[in-house]
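Dear colleague,

Please find the structure below, placed here for your reference. A written account of the findings follows it.

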Number of protein chains: 2
Amino acid sequence: MPQYRARVTVTLRPSILDPQGKAVLHAAEGLGFDGVQSVRVGKVADLNLDAATLSEAVCLAQDLGQKLLANPVMEDFSVDVVEL
Amino acid sequence: MPQYRARVTVTLRPSILDPQGKAVLHAAEGLGFDGVQSVRVGKVADLNLDAATLSEAVCLAQDLGQKLLANPVMEDFSVDVVEL
């Protein structure tokens, strides 16, 4: 069966406060980095998938994003899939 | 000054064990997802940057990755920058 590599990127919705991002921003300022206006932190899951077709792999990755990886109240996610 | 959007993606080096990824894999199996072979979890930082040029923005994002966002012993990172 073909193998696919999927990356599911989970980010906080724009309306949700991000204290971790604020902490990174303040640390960057403390280290002397100029020009950083804002930081938002998210997570990424790299999946190796077995699927019959690319579109099946995309469906599987989206299902995993919806049901397991992202909290739909607070987070958005996006999916990128490539064949290996 | 032009504005740029940078995404710094931090992933564990391949030789480093990833218990969080293993937990996600087991949770996926428990939810009945077939075809997931492996999961590795990382983090992503979305930055809004002020910089004079695209290459300056890329340098700034790479500096932030090296000095603040990634632990070079255990993690790799990649940088994508687009002009806003």
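In what follows, a residue is called buried when its relative accessible area is under 20%, exposed when it is over 50%, and partly exposed in between, with a 1.4 Å probe and protein chains only. The model is a predicted one, in which local features need pLDDT of at least 70 and side-chain atom pairs count only at pLDDT 80 or more, while totals for chains, interfaces and linings use all residues. Residues are numbered from 1 along each chain as its sequence is written, chains are lettered from A and ligands numbered from 1 in the order in which they are written, and side-chain values use heavy atoms, with hydrogens and water left out.

I begin with chain A as a whole. Two helices and three strands make up its secondary structure (DSSP runs, H or I of at least four residues for helices and E of at least two for strands, numbered from the N terminus). Along the sequence their order is β-α-β-α-β. The radius of gyration of chain A, taken over C-alpha atoms, is 16 Å, well over the 12 Å that the globule rule gives for 84 residues, so chain A is more spread out than a compact globule. That rule is 2.2 Å times the number of residues to the power 0.38. The C-alpha trace of chain A spans about 50 × 30 × 15 Å along its principal axes. Of its 84 residues, 40% count as buried.

Contact here means heavy atoms within 4.5 Å. Among contacts in chain A between residues at least 6 apart in sequence, 74% join residues at least 24 apart.

V8(A) belongs to strand β1, residues 3–12, and is buried, with a relative accessible area of 0%. Leaving aside residues up to four places away in sequence, V8(A) touches a set of residues that includes K43(A), V44(A), A61(A), L69(A) and F77(A). By contrast, the C-alpha atoms of V8(A) and E29(A), 21 residues apart along the chain, are separated by 30 Å.

D46(A) is part of strand β2, residues 36–50. Its relative accessibility is 9%, and therefore D46(A) counts as buried. Its side chain makes a polar contact with the side chain of R7(A) at 2.7 Å (a pair of N or O atoms within 3.5 Å; within protein, one must be able to donate a hydrogen and the other to accept it, and residues adjacent in sequence count only if both atoms are side-chain atoms). With residues up to four places away in sequence not counted, D46(A) touches residues of chain B as well, among them T11(B), S38(B), V39(B) and R40(B).

How do the two chains meet? The contact takes 33 residues from chain B and 33 residues from chain A. The area buried between them is about 2500 Å², of which carbon and sulfur atoms give 65%; this is the accessible area (1.4 Å probe) that two parts lose on being put together, summed over both. On the chain B side, F33(B), V44(B) and L68(B) lose the most area to chain A, together 20% of what that side buries.

Chain B can be laid on chain A with an RMSD of 0.0 Å by a turn of 180 degrees and a shift of 0.0 Å along the axis, the superposition being by least squares on the C-alpha atoms of residues with pLDDT of at least 70 in both. The two copies are thus related as by a two-fold rotation axis. In chain B, the C-alpha nearest that axis is that of K43(B), 2.0 Å from it.

With kind regards
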